[in-house]
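Here's a quick tour of a ligand site and a helix pair. Have a look at the model first, then read on.

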Amino acid sequence: MDMLAKMKTVFMERFGDKKTRAFFSPGRVNLIGEHTDYNGGHVFPCAISLGTYALVADRDDMKTNVFSVNLADKGIIGFEMSGLKHDATKDWANYLMGVVSMFEEAGHKCSHGFDIAIGSTLPGGSGLSSSASLEVLMAVILNEAFGFGLDMVEMVKLAQRAENVFVGVNCGIMDQFAVGMGRKDCAILLDCNTLEYRYSKLALENASIVITNTNKPHSLASSAYNVRRAQCEHALNELREVRPELKALGELTNPEYDKLAGHISEHLERQRARHAVYENQRTLAAVKALENSDVAEFGRLMDASHVSLRDDYDVTGKELDTLVELAWQQPGVIGSRMTGAGFGGCTVSLVQNEAVEAFKANVGKAYEEAIGYAPSFYVASIADGTHRL
Ligand code: GLA
């Protein structure tokens with residue numbers, strides 16, 4: 001049974017026979033440009049067809065009840081549609097509550113609640129943005145129900161704010177932007193400094209985007225993530241002593257950075273900042289290569305991105321490095337790197353279509369031998385952003 005059919009049954013059981021509206025919100029995979037968003041650089045993600053579905057019915061009071069078919073053991077979680085505060089006992093519903101709260105703070109007040117069934121085809125905690133997918137989903141549900149008239153970029157910003165302020169994860173804007181603004185068969189080149197963006201058609205001809213999940217159990221990604229952010233901010237502040245007009249590391253070219261690097265006192269912070277600068281320039285070069293149909297160069301830059309994330313940014317770890325090194329050894333692999341925040345989660349590989357099956361078999365077997373458990377593979381199709389079905 002597909003996800004929506006399953007959800008219809010579950011909705012009926014939990015909330016009764018009501019008229020519902022259906023929505024879909026994708027996950028995302030970032031092709032290149034990692035840990036550049038909060039450094040004022042560029043990213044190049046796309047929305048994927050794995051994502052989060054919602055069935056929504058209006059209520060005539062101010063209460064919302066949510067139920068996830070993936071987290072059935074948590075039962076129905078209820079919250080009020082006004083005056084919300086983060087509440088750990090409400091578990092995953094905090095992502096939805098955060099959006100309601102940020103809408104209210106921005107003057108978009110809800111006048112009733114909903115019964116909502118949620119179902120996700122995204123592997124949870126895999127770094128494919130299941131939380132951003134939920135947040136933008138809720139934003140679109142509210143915008144539609146109450147006719148707030150917000151455009152998608154405004155909703156993306158409120159969704160990011162929900163994650164930053166309400167949930168307390170200091171993420172950049174990439175995930176919510178890719179989820180909300182995704183377009184079928186395109187990646188998005190986004191300048192995170194200005195929010196200027198353009199779509200780039202992914203004409204990969206005979207290649208597929210293969211996502212491989214390390215399946216690494218829970219990692220402490222969010223504290224390490226915040227440490228990287230702080231290191232980059234500190235490095236930027238030191239550079240500002242000699243370049244006061246500098247607003248973000250993403251404004252520097254590689255030679256400019258090399259000239260200035262001596263003004264960053266800590267070796268570790270020099271490495272972090274170098275990644276931020278070089279990765280941004282690499283992203284621009286990669287998009288140019290792709291648009292010139294030089295897929296091989298795009299792949300080479302993906303590989304270089306991984307090396308920089310491993311050596312300068314130190315966010316890979318054994319599982320991701322093992323997957324990527326195995327991928328590099330396979331015939332028909334154009335490029336492979338970690339994607340998302342790192343520490344666990346997924347890699348993204350560009351693989352010739354005829355090599356995909358062997359890739360899965362070989363990488364799967366060797367990874368399991370090295371790590372002790374198997375990875376999972378998803379061949380991504382590039383989807384539209386959050387929308388009503
Ligand atoms: C996470 C964050 C994003 C971005 C990536 C790293 O996915 O949510 O904002 O910083 O890590 O590129």
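Start at Asp 175: one of its polar side-chain atoms sits 2.6 Å from a ligand oxygen atom. Glu 34 also places a polar side-chain atom 2.6 Å from an oxygen atom of the ligand, and for Asp 37 the distance from a side-chain N or O atom to a ligand oxygen is 2.5 Å. A polar contact here is a pair of N or O atoms within 3.5 Å. On its own the ligand exposes 310 Å², and the protein buries 94% of that (Shrake-Rupley areas, 1.4 Å probe).

This is a predicted model, with local features needing pLDDT of at least 70 and side-chain atom pairs pLDDT 80 or more, while totals for chains, interfaces and linings use all residues. Numbering runs from 1 along each chain as its sequence is written, and side-chain values use heavy atoms, leaving out hydrogens and water.

## The shell

The residues surrounding the ligand include Arg 28, His 35, Tyr 38, Cys 171, Met 174 and Tyr 225 (a heavy atom within 4 Å). The shell splits into five nonpolar, three polar and four charged residues; Asp, Glu, Lys and Arg count as charged, and Gly as polar.

## Helices H8 and H9

Elsewhere, the axes of H8 (residues 267-291) and H9 (residues 295-311) come within 9 Å and cross at roughly 170°. That makes H8 roughly antiparallel to H9 (angles over 145 degrees). Helices are DSSP runs (H or I) of at least four residues, and axes are lines fitted to C-alpha atoms over the stretch in contact, with angles from 0 to 180 degrees between N-to-C directions.

Conventions. Helices (H or I, at least four residues) and strands (E, at least two) are DSSP runs, numbered from the N terminus. Angles under 35 degrees count as roughly parallel, over 145 as roughly antiparallel, 65 to 115 as roughly perpendicular and the rest as oblique. A polar contact is a pair of N or O atoms within 3.5 Å; within protein, one must be able to donate a hydrogen and the other to accept it, and residues adjacent in sequence count only if both atoms are side-chain atoms.
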